[in-house]
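This briefing is for a reader new to the structure shown below. Please look at the sequence and the 3D view before reading on.

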Amino acid sequence: MTQLQEFFQFLMAQVRDKPNLKDTLAEWVGPYHGKVLQLHTNEGDQYIVVTKDNMTLHDGVYPSPDVVYKASAETILGIFTGETPFRDTMKDGSLIVIGNAHESNPLANLILEAMTGAF
């Protein structure tokens with residue numbers, strides 16, 4: 001398992017175990033059935049399905065994701081863990097975002113809430 005996959009397993013476990021994170025998911029998803037976030041990295045293609053009460057990680061390409069992130073796995077992991085500023089990766093071209101980039105804010109908030117609640 002890669003570091004990026006391990007990070008997503010951690011995040012999904014936090015969401016599964018913490019009721020406040022499920023509230024965050026429900027608020028993020030709103031009136032929709034869910035959100036789909038596609039990742040294209042040097043480790044392959046994966047997508048995350050976010051519903052009101054769960055997150056799941058899948059291998060492959062989703063036909064119509066809400067947002068697509070293209071970057072190295074190291075860059076994505078750095079952004080998600082807060083080590084790499086999102087804005088810098090957009091400026092230097094190490095991250096390409098296609099689609100609804102606004103989905104990055106609730107994702108970042110969820111990750112922050114999960115990481116601070118884990119300690």
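What follows covers the fold, the surface and charges, and a group of aromatic rings.

The model is predicted, so local features need pLDDT of at least 70, side-chain atom pairs count only at pLDDT 80 or more, and totals for chains, interfaces and linings use all residues. Residues are numbered from 1 along each chain as its sequence is written, and side-chain values use heavy atoms, with hydrogens and water left out.

**Fold and dimensions**

- The protein chain has five helices and five strands, where helices (H or I, at least four residues) and strands (E, at least two) are DSSP runs numbered from the N terminus.
- Along the sequence, these elements come in the pattern α-α-β-β-β-β-α-α-β-α.
- Taken along the principal axes, a box of roughly 35 × 35 × 25 Å is filled by the C-alpha atoms of the protein chain.
- Among contacts in the protein chain with a separation of 6 or more, 61% are between residues 24 or more positions apart (contact means heavy atoms within 4.5 Å).

**Surface and charge**

- Of the 119 residues in the protein chain, 36% are buried, meaning under 20% relative accessible area, with exposed over 50% and partly exposed in between (1.4 Å probe, protein chains only).
- Carbon and sulfur atoms hold 52% of the accessible surface of the protein chain, which is about 6600 Å² (Shrake-Rupley method, 1.4 Å probe; for residues, only the protein chains shown count as cover).
- The protein chain carries 8 positive and 15 negative side chains, and the centres of the two sets are 6 Å apart. Lys and Arg count as positive and Asp and Glu as negative, without His and the chain ends; each charge is placed at NZ of Lys, CZ of Arg, CG of Asp or CD of Glu.

**Aromatic rings**

- Rings of Phe, Tyr and Trp (its six-membered ring) pair if their centres lie within 6.5 Å, with planes under 30 degrees apart stacked, over 60 edge-to-face and the rest tilted. This rule gives five aromatic pairs.
- One of them joins F7 and F8, edge-to-face at 5.9 Å centre to centre with 70 degrees between the planes.
- F8 counts as buried because its relative accessibility is 1%.
- F8 also pairs with F80: the ring centres are 5.6 Å apart and the planes at 75 degrees, so this pair is edge-to-face.
- This pair links distant parts of the chain, with F8 in helix α1 (residues 3-17) and F80 in helix α3 (residues 73-81), 72 residues apart.
- One aromatic cluster is formed by F7, F8, F10 and F80.
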